Amino acid sequence: MIEFSEKRVTGPVIRLHCADNVVVARVPIGLGTEVPSEGFTSRSQVPAGHKLAARDIKAGEPILKYNVCIGFAATDIAAGTYLHSHNTDFREFDRDYAHGRDYRPTVLLPEAEQASFQGIVRANGQVATRNYIGIIATVNCSATVVHRIAEAFTAERLAAYPNVDGVVALSHGMGCGMEMSGEPMDLLRRTIGGYARHANFAAVLVVGLGCERNQLNLLLQDQGLSPDARLHAFVMQETGGTRKTIEAGVAAIEKLLPQANAVVRQPVPARHLKIGLQCGGSDGFSSITANPALGAAMDILVRHGGTAILSETPEIYGVEHTLTSRARSREVGEKLVERIRWWKQEYSPGRDVQINGKVSPGNQMGGLANIFEKSLGSSMKGGTTGLMQVYRYAEQVDQPGLVFMDTPGFDPVSATGQIAGGANIICFTTGRGSMFGAKPVPSIKLATNTPMYQRLAEDMDLNCGEILDGTASMQEMGQRIFEKILRVASGERSKSEALGLGDHEFVPWNIGVVS
């Protein structure tokens with residue numbers, strides 16, 4: 001368990017744990033700046049969010065942040081020295097998984113005290129936060145058609161249907177030229193199936209070409225779906241080609257709109273919320289403000305019976321032991337370890353990807369030295385409750401509480417898997433300023449620092465930099481995030497929705513060989 005309570009701000013630096021041998025610059029620090037609370041003078045210019053050695057560190061000694069190892073000193077490092085990727089070694093180290101040692105069952109609030117939101121209850125009992133009509137391509141060859149169908153439904157055309165949030169096309173670059181069976185095809189089909197069943201769609205059109213490997217009839221059969229009043233299927237080679245399929249799709253949606261519009265929001269318990277947790281464009285403040293604040297909000301949600309979906313497997317690597325130790329069983333913990341093993345030993349060996357050490361240039365500029373340090377912050381989004389289950393990519397999430405879904409760290413791919421699994425809101429933390437939408441699900445953006453929030457106010461929903469500024473506590477910010485989630489789930493538009501983002505972020509994970 002990562003300990004947050006010892007964090008303190010003293011002048012220009014932030015100390016995160018008494019055992020740490022680094023501190024974080026709260027503001028830009030100049031050469032020769034005295035830091036009396038730590039007893040050193042800065043030997044370097046250090047950007048805000050980056051690290052300084054809090055004491056002399058011997059070569060090979062672990063670098064500790066939140067009392068968690070984020071690498072090893074590449075050389076002797078004197079107190080006050082700028083500490084980053086240039087003098088930090090990344091290498092594997094032993095971790096005690098301690099499966100279930102720290103697990104404590106979460107005590108749910110009494111039903112009478114549980115929060116609610118204004119949701120849309122579907123005929124099958126599913127609860128939606130939005131009300132879209134979706135058009136899904138089985139293959140890249142039908143991508144143009146699904147977009148042309150959606151483009152026909154302009155804001156002016158939908159004005160007569162105020163309860164319909166929009167018509168969205170979901171295309172991708174897969175479906176043919178790939179393995180006809182096995183995990184790559186299974187993964188694509190369960191992703192499309194998850195979207196086709198998603199509560200936020202009042203109705204769905206699925207459009208195929210006809211000769212692709214991801215045959216439409218086999219897709220529907222595999223996912224237990226069949227055409228009905230809610231799901232319509234078109235095969236371009238059978239419908240008459242491009243123009244006729246577009247016309248047929250437009251006509252089908254015209255007939256669906258009146259029924260889709262006939263919805264009424266009503267109070268539903270917060271336990272129906274499934275939150276996909278994302279972070280992108282992270283910085284040195286991510287682990288100090290937005291990520292633990294989102295974790296505090298998820299602790300609140302879990303007590304109300306809701307579900308928090310932590311993902312991005314490469315971005316919990318190195319701190320996975322802080323999750324396995326609070327798994328509800330050894331079996332759940334070992335599922336997570338197996339996913340890490342697969343990434344390290346089968347998927348990524350020899351490739352220049354972040355699970356092998358390096359983070360993106362933006363993360364580097366933001367103060368993160370390597371993937372261990374990024375993972376330290378990324379894992380905090382899940383809060384502190386027990387890890388209840390581990391899912392494969394795009395599997396249906398049916399276990400309340402904190403769960404983990406195996407996904408890449410690339411946000412559109414990761415969020416696509418979460419939404420396919422049933423997430424009905426995405427909460428996205430960022431320090432550099434990621435721009436992200438996720439139709440048919442609203443995306444709430446949480447800024448880690450005030451300067452970025454002010455610079456990108458049109459894209460950011462909440463400023464978690466207030467924690468750093470001293471104008472809000474971690475728990476206060478967690479409560480604000482939870483309340484924002486309830487409002488957005490009830491229909492309040494997020495900043496990404498106001499900007500119209502989310503039409504091109506459907507990106508299923510392409511893990512197979514393309515031929």
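In the protein chain, 71% of the contacts with a separation of 6 or more join residues 24 or more positions apart, a contact being heavy atoms within 4.5 Å. This is a predicted model, where local features need pLDDT of at least 70, side-chain atom pairs count only at pLDDT 80 or more, and totals for chains, interfaces and linings use all residues. Residues are numbered from 1 along each chain as its sequence is written, and side-chain values use heavy atoms, with hydrogens and water left out.

**Overall build**

The C-alpha trace spans about 75 × 50 × 40 Å along its principal axes. For 515 residues, a compact globule would have a radius of gyration near 24 Å, and the protein chain agrees, with 24 Å; this radius is taken over C-alpha atoms, and the globule rule is 2.2 Å times the number of residues to the power 0.38. Of the 515 residues, 60% are buried, meaning under 20% relative accessible area with a 1.4 Å probe, protein chains only. The protein chain has 16 helices and 24 strands; these are DSSP runs numbered from the N terminus, with helices H or I of at least four residues and strands E of at least two.

**The largest pocket**

About 730 Å³ of space lies in the largest pocket. A pocket here is an open set of points on a 1 Å grid over the protein atoms alone, where a 1.4 Å probe fits and protein lies on both sides within 12 Å along at least five of seven lines; lining residues have an atom within 4 Å of a point. The volume is the space filled by probe spheres set on the points, which are joined across faces, edges and corners.

The lining has 38 residues, and Tyr-132, Leu-158, Val-164, Asp-165 and Gly-166 lie nearest the centre. The elements giving two or more residues to this lining are α1, α2, β14 and α16. The largest share, 4 residues, comes from β14.

| Class in the lining | Count |
|---|---|
| Nonpolar | 20 residues |
| Polar | 10 residues |

**Helix α1**

Helix α1 spans 143–151. Its buried residues are Ala-143, Val-145, Val-146, His-147, Ile-149 and Ala-150. They pack against β13, β14, β15, α5 and α6.

**A five-stranded sheet**

An open sheet of 5 strands runs in the order β1-β2-β3-β6-β9, with antiparallel pairing. Strands β1 (8–10) and β9 (82–83) stand at the edges with a single partner strand each, so one side of each is left without a neighbour in the sheet. Two strands pair if DSSP finds at least two bridges between them; β2 and β3 pair over 2 bridges. Ile-14 stands opposite Val-24 in β3.

Methods:
Ala, Val, Leu, Ile, Met, Phe, Trp, Tyr, Cys and Pro count as nonpolar, Asp, Glu, Lys and Arg as charged, and the others, Gly among them, as polar. Buried means under 20% relative accessible area, exposed over 50%, partly exposed in between (1.4 Å probe, protein chains only).
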